[in-house]
Amino acid sequence: MPQLRVGDTTIEVNEEGFILEPDRWNDAVAAALAAADGIGPLTAKHWTIVRYIRGHYVEFHVPPLVRKLCKQTGVQLKGIYELFPGGPAKGVCKVAGLPNAKGCV
């Protein structure tokens, strides 16, 4: 199983780089996941999106719909793709420590 090294900690990830134990997620893990995808350093705008999508997932056990994500963060879809080239599902969800979104995020 692939692994991601974060400081002195090793985090298991799947073949696509999504962490397998979302409870082990923290800011350092987010930064490492972003760096592994060529994103970084994470700016305040990145963190706004990551924290919103993670908070929604923790509360409702599903990521928010794209329309809601854009409305609540004030970032248009084009801006999300500029910050996270993998888009809302693969880019943001991965950095936020969520499982790979199979549906529409």
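**Notebook: folds, core and salt bridges**

**Entry 1. Overall layout.** I read along the sequence and found the pattern β-β-α-α-α-α-α. The count comes to 5 helices and 2 strands. Here helices (H or I, at least four residues) and strands (E, at least two) are DSSP runs, numbered from the N terminus. I noted that this is a predicted model, in which local features need pLDDT of at least 70 and side-chain atom pairs count only at pLDDT 80 or more, while totals for chains, interfaces and linings use all residues. Residues are numbered from 1 along each chain as its sequence is written, and side-chain values use heavy atoms, with hydrogens and water left out.

**Entry 2. Size and surface.** Along the principal axes, the C-alpha atoms fill a box of roughly 35 × 25 × 20 Å. The chain exposes about 6000 Å², and carbon and sulfur atoms supply 53% of that area. Accessible areas come from the Shrake-Rupley method with a 1.4 Å probe, and for residues only the protein chains shown count as cover.

I then asked what share of the 105 residues is buried. Buried residues make up 46% of them. Buried means under 20% relative accessible area, exposed over 50%, and partly exposed in between (1.4 Å probe, protein chains only). For contacts (heavy atoms within 4.5 Å), I took those between residues at least 6 apart in sequence, and 47% of these join residues at least 24 apart.

**Entry 3. The core.** I looked for a nonpolar core, meaning a set of buried Ala, Val, Leu, Ile, Met, Phe, Trp, Tyr and Cys residues joined through side-chain atoms within 4.5 Å. The largest one has 31 residues, and W25, I49 and F84 have the most contacts inside it. The elements that give it two or more residues are β1 (3-6), α1 (27-36), α2 (44-60), α3 (66-73), α4 (77-83) and α5 (87-95). In soluble globular proteins, nonpolar side chains tend to be buried together.

Which residues does W25 touch, leaving aside its neighbours within four places in sequence? I listed I19, A30, L33, W47, V50, R51, R54, V95, A96 and G97.

**Entry 4. Salt bridges.** I counted 4 salt bridges in the structure. The term means a side-chain nitrogen of Lys or Arg within 4 Å of a carboxyl oxygen of Asp or Glu.

- E21 and R24 meet through their side chains at 3.7 Å, N to O. E21 is partly exposed at 40% relative accessibility, and R24 is partly exposed at 33%.
- R51 pairs with D27, with the closest N and O atoms 2.9 Å apart. This pair links distant parts of the chain, since R51 is in helix α2 and D27 in helix α1, 24 residues apart. R51 counts as partly exposed at 42%, and D27 does so at 36%.
- D37 pairs with K94, with the closest N and O atoms 3.2 Å apart. D37 lies in the loop between α1 and α2 and K94 in helix α5, so the pair ties together parts that are 57 residues apart in sequence. D37 is partly exposed at 36%.

Entry 5. Is K94 buried or exposed? K94 is buried, with a relative accessible area of 9%. Apart from neighbours within four places in sequence, K94 is in contact with E16, G17, F18, L33, D37 and A89.

I then looked at the helix that holds K94, which is α5. Of its 9 residues, 8 are buried, so α5 is largely enclosed by the rest of the structure. The buried ones are G87, P88, A89, G91, V92, C93, K94 and V95. They pack against α1, α2, α3 and α4. After α5 comes G97, whose phi is positive, near 80°.

**Entry 6. G38.** G38 is exposed, with a relative accessible area of 67%. The C-alpha atoms of G38 and V66 are separated by 22 Å, and the two residues are 28 residues apart along the chain.
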